[in-house]
Amino acid sequence: MKIKDFMDLSILQDIQDQFSDATGLAAIMVGEDGNYITEGSNFTDFCMKYTRGTKEGAKRCERCDNECTGTYFCHAGLMDFSNDIIVNGEKVGACIGGQVLPAEPDLDKFEDIARELGVDPAAYVNAVKKIPVKTEKSIRAAADLLGAIVNQIVNQKYLESKNSNILEVMDREVQTSVAAIQVIADKTKELESIASKQNILALNATIEAARAGEAGVGFAVVANQMGELSKKSAGIYKDIQENSQIVSRSIKAMNDVSLK
């Protein structure tokens with residue numbers, strides 16, 4: 001299941017951008033295959049340029065991406081988060097981000113990390129100083145809030161899309177049923193006409209049998225039976241027509257409800 005199949009991804013982008021503007025946390029959304037489905041918001045040079053931009057830093061970051069969930073401390077000491085997006089018990093993506101400090105940074109420690117990554121310590125420390133500092137409690141609360149909002153929106157859009165598809169199918173099948181009922185009604189009228197003609201023929205046959213006297217007795221019996229069958233047929237056709245009208249009204253009522 002792909003999120004883009006049932007909702008406009010720009011909605012997620014707007015939510016993500018507003019979240020980052022309000023909290024200072026970086027954020028981005030990925031799909032079920034792990035590929036990005038939004039543009040990153042508030043990403044820092046410290047993470048993207050100086051850490052992930054190095055071979056060793058990228059390896060450490062990828063390990064965190066694959067092994068860590070929820071809100072956690074990354075290898076560089078920043079706080080990141082990864083919240084699954086779940087629809088019908090199936091993971092369809094995740095909202096990830098963070099790139100914030102839970103306390104004022106120990107600059108000596110980050111100089112050591114810079115040397116491990118092969119990055120200029122002065123540039124690395126300067127990038128660290130630009131990272132937002134939030135309390136651990138506020139970081140966890142913000143990450144949980146984003147996860148809850150995104151999951152609610154995605155599930156709502158999924159249900160809207162599913163219900164829309166159901167209504168489309170219902171509408172199509174209703175129209176098909178209405179057309180079939182109209183055919184039944186038309187054919188019933190034709191049968192009623194035939195039954196009426198049969199009744200007239202039976203009546204004429206009875207008259208002619210009476211004129212023939214004894215020679216027409218057997219023919220009269222057959223004519224009477226034809227007349228009885230014609231009357232029964234007319235009754236059956238009437239029942240079919242009435243029930244067709246009932247079904248037609250029921251389908252119309254369902255169609256009217258589905259359009260509201």
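The legends below describe close-up views of a predicted model.

Figure 1. The predicted model contains seven helices and four strands. In sequence order the elements run α-β-α-α-β-β-β-α-α-α-α. The protein has 260 residues, and 35% of them are buried.

**Figure 2. The largest nonpolar core.** This core is made up of 23 residues. Leu 146, Val 150 and Val 154 have the most contacts inside the core. Two or more residues each are given to the core by helix H1 (9–23), strand E1, strand E3 (79–87), strand E4 (90–100) and helix H6 (136–212). Helix H6 provides the largest share, namely seven residues.

**Figure 3. Salt bridge between Glu 56 and Lys 59 in helix H3.** The two side chains form a salt bridge with an N to O distance of 3.4 Å. Both residues belong to helix H3 (residues 55–67), where they are three residues apart, about one turn of the helix. Glu 56 has a relative accessibility of 26% and therefore counts as partly exposed. Lys 59 is also classed as partly exposed, because its relative accessibility is 46%. Side chains of opposite charge can pair when their charged atoms come close.

**Figure 4. Salt bridge between Arg 60 and Glu 116.** The closest N and O atoms of Arg 60 and Glu 116 are 3.0 Å apart, and the two residues form a salt bridge. Arg 60 counts as buried because its relative accessibility, 18%, falls under the 20% cut-off. A network of salt bridges links Arg 60 and Glu 116 with Glu 56 and Lys 59. The salt bridges of the protein come to nine.

**Figure 5. Salt bridge between Asp 112 and Arg 115 in helix H4.** The side chains of Asp 112 and Arg 115 meet in a salt bridge, with 3.2 Å from N to O. Helix H4 holds both residues, and they are three residues apart, about one turn of the helix. Asp 112 has a relative accessible area of 42% and is therefore partly exposed.

**Figure 6. A negative surface patch.** Four residues form this patch: Asp 5, Glu 32, Asp 33 and Glu 90. One of them, Asp 33, is located in the loop between strand E1 (26–31) and helix H2 (45–51).

Figure 7. Gln 16 is a residue of helix H1. Its relative accessible area is 0%, so Gln 16 is buried. The C-alpha atoms of Gln 16 and Thr 38 are separated by 8.6 Å, and these residues are 22 residues apart along the chain. Ser 10 is also placed in helix H1. Ser 10 counts as partly exposed because its relative accessibility is 35%. Between the C-alpha atoms of Ser 10 and Glu 39 the separation is 9.9 Å, with the two residues 29 residues apart along the chain.

**Figure 8. Asn 42 in the loop between E1 and H2.** Asn 42 is not a glycine, yet it has a positive phi of about 65 degrees. Most residues other than glycine have a negative phi. Asn 42 is placed in the loop between E1 and H2, the loop that also holds Asp 33. With a relative accessibility of 39%, Asn 42 counts as partly exposed.

**Figure 9. Asn 88 in the loop between E3 and E4.** Asn 88 has a positive phi of about 55 degrees, although this residue is not a glycine. The loop between E3 and E4 is the place of Asn 88. Asn 88 counts as exposed because its relative accessibility, 58%, is over the 50% cut-off.

Terms used. Residues are numbered from 1 along each chain as its sequence is written. This is a predicted model: local features need pLDDT of at least 70, side-chain atom pairs count only at pLDDT 80 or more; totals for chains, interfaces and linings use all residues. Side-chain values use heavy atoms; hydrogens and water are left out. Patches are made of residues with over 30% relative accessible area and no salt bridge: like charges are joined within 9 Å, nonpolar side chains (Val, Leu, Ile, Met, Phe, Trp, Tyr) within 5 Å. Accessible areas come from the Shrake-Rupley method with a 1.4 Å probe; for residues, only the protein chains shown count as cover. Lys and Arg count as positive and Asp and Glu as negative; His and the chain ends are not counted. The place of a charge is taken as NZ of Lys, CZ of Arg, CG of Asp or CD of Glu. A nonpolar core is a set of buried Ala, Val, Leu, Ile, Met, Phe, Trp, Tyr and Cys residues joined through side-chain atoms within 4.5 Å. Buried means under 20% relative accessible area, exposed over 50%, partly exposed in between (1.4 Å probe, protein chains only).
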